[in-house]
Amino acid sequence: MGTTLSAVKCPSSEREVRALLKSWVEMIERYCTQHENQDNPWWYNERASLSTLAGAAWSSGWSALEEYSSVRRQKAPADGVEHGDTRLGRVDLFVMSPKGTSMTFEAKHAWQRIGPRANRLRYVEKGMKAAWEDSNSLICSHSHRRFAATFVAPSLARGDIEGENCQELLMKQLNEWLKEMGDISRKGGKPLFFAYVFPSIADNSFDFRNRHYPGVALILEERIKATGRRTA
């Protein structure tokens, strides 16, 4: 069994978000353990990834709803002026903490190659941009907090990490990528939270079509409600 690599990057003051992300990491590890590392939640699709966050909420005493019907804000019109119109749609995820804090999420799932010759942030950034744009349609009054959630499943060519020191090679690639991911989390001025879990480093599990999918990362970007004040 390989070494597990996991972390939650979140300000200590954000106790509820930190608790949710820690539960998410534990839920991913539980799923892989129960399936004896022959299956994982991150190599399916966006809906499967989103279910892991909903499961993390339920398993830690929160409540959650996925893909529910809701009135949402219209996207910006062609003339650039918002007229307050709304439309029917679906919200990806709603959760509520035991203390009554509600959160809504719009999510995307990104497949990211992280080998030595890859552009290791290309699809991460595309996924974050798409999730952020979708989160704009969440109505402020429907929850206390709104988030764009980007699930990222990194992969490497099996040939890049083969050999007697395969664990060291994989750990090196992951640490380099995670450093770049950490740099992203400090850009843009938006409140951003980051967690990741790689349940079995250098295990032969999680291979598909000669590529290795070692784990998953989750980036949360928060949309702060407008204050309604204007400056001269």
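This briefing covers the nonpolar cores, salt bridges and aromatic contacts of the structure above. The model is a predicted one. Its largest nonpolar core has 35 residues, the salt bridges number 10, and a search of the whole structure finds 11 aromatic pairs. Trp 24 and Phe 105 are among the residues with the most contacts inside the largest core, and each also takes part in a ring pair, Trp 24 with Phe 151 and Phe 105 with Phe 147.

**Nonpolar cores**

- Within the largest core, of 35 residues, the most contacts are made by Trp 24, Phe 105 and Leu 220.
- At least two residues of this core come from each of the helices α1 (15-34) and α2 (46-59) and from each of the strands β3 (86-96), β4 (102-113), β5 (145-157), β6 (192-201) and β9 (216-223).
- Helix α1 supplies the largest share of the core, with 8 residues.

**Salt bridges**

- Arg 47 and Glu 66 form a salt bridge in which the closest N and O atoms are 3.5 Å apart. Because Arg 47 belongs to helix α2 and Glu 66 to strand β2 (residues 63-73), this pair ties together parts separated by 19 residues in sequence.
- Arg 47 is partly exposed at a relative accessible area of 45%, and Glu 66 is likewise classed as partly exposed, at 27%.
- A salt bridge with an N to O distance of 2.8 Å joins the side chains of Arg 120 and Glu 180. Arg 120 is in the loop between β4 and α3 (122-135) and Glu 180 in helix α4 (residues 166-184), so that distant parts of the chain, 60 residues apart, are linked.
- Arg 120 is buried, with a relative accessible area of 15%, whereas Glu 180 is partly exposed at 23%.
- Arg 158 and Asp 207 also meet through their side chains, at 2.8 Å from N to O. Arg 158 lies in the loop between β5 and α4 and Asp 207 in strand β7 (residues 207-208); the pair therefore ties together parts 49 residues apart in sequence.
- The relative accessibility of Arg 158 is 10%, which counts as buried, while Asp 207, at 31%, is partly exposed.
- A network of salt bridges links Arg 120, Lys 172, Glu 176 and Glu 180.

**Aromatic pairs and a charge over a ring**

- The rings of Trp 24 and Phe 151 form a tilted pair, with 6.4 Å between centres and 55° between planes. Since Trp 24 is in helix α1 and Phe 151 in strand β5, the pair ties together parts that lie 127 residues apart in sequence.
- Trp 24 is buried at 0% relative accessible area, and Phe 151 is buried at 0% as well.
- Phe 105 and Phe 147 form a stacked pair, 5.3 Å from centre to centre with 15° between the planes. Phe 105 is in strand β4 and Phe 147 in strand β5, so this pair ties together parts 42 residues apart in sequence.
- Both Phe 105 and Phe 147 are buried.
- Trp 42, Trp 43, Trp 111, Phe 206, Phe 208 and Tyr 213 are joined into a cluster by ring pairs.
- Arg 223 is placed over the face of Trp 132, 3.9 Å from the ring centre.

Definitions and conventions:
Residues are numbered from 1 along each chain as its sequence is written. This is a predicted model: local features need pLDDT of at least 70, side-chain atom pairs count only at pLDDT 80 or more; totals for chains, interfaces and linings use all residues. Side-chain values use heavy atoms; hydrogens and water are left out. A nonpolar core is a set of buried Ala, Val, Leu, Ile, Met, Phe, Trp, Tyr and Cys residues joined through side-chain atoms within 4.5 Å. Buried means under 20% relative accessible area, exposed over 50%, partly exposed in between (1.4 Å probe, protein chains only). Helices (H or I, at least four residues) and strands (E, at least two) are DSSP runs, numbered from the N terminus. A salt bridge is a side-chain nitrogen of Lys or Arg within 4 Å of a carboxyl oxygen of Asp or Glu. Rings of Phe, Tyr and Trp (its six-membered ring) pair if their centres lie within 6.5 Å; planes under 30 degrees apart count as stacked, over 60 as edge-to-face and the rest as tilted. A charge sits over a ring if NZ of Lys or CZ of Arg is within 6 Å of the ring centre and within 35 degrees of the ring normal.
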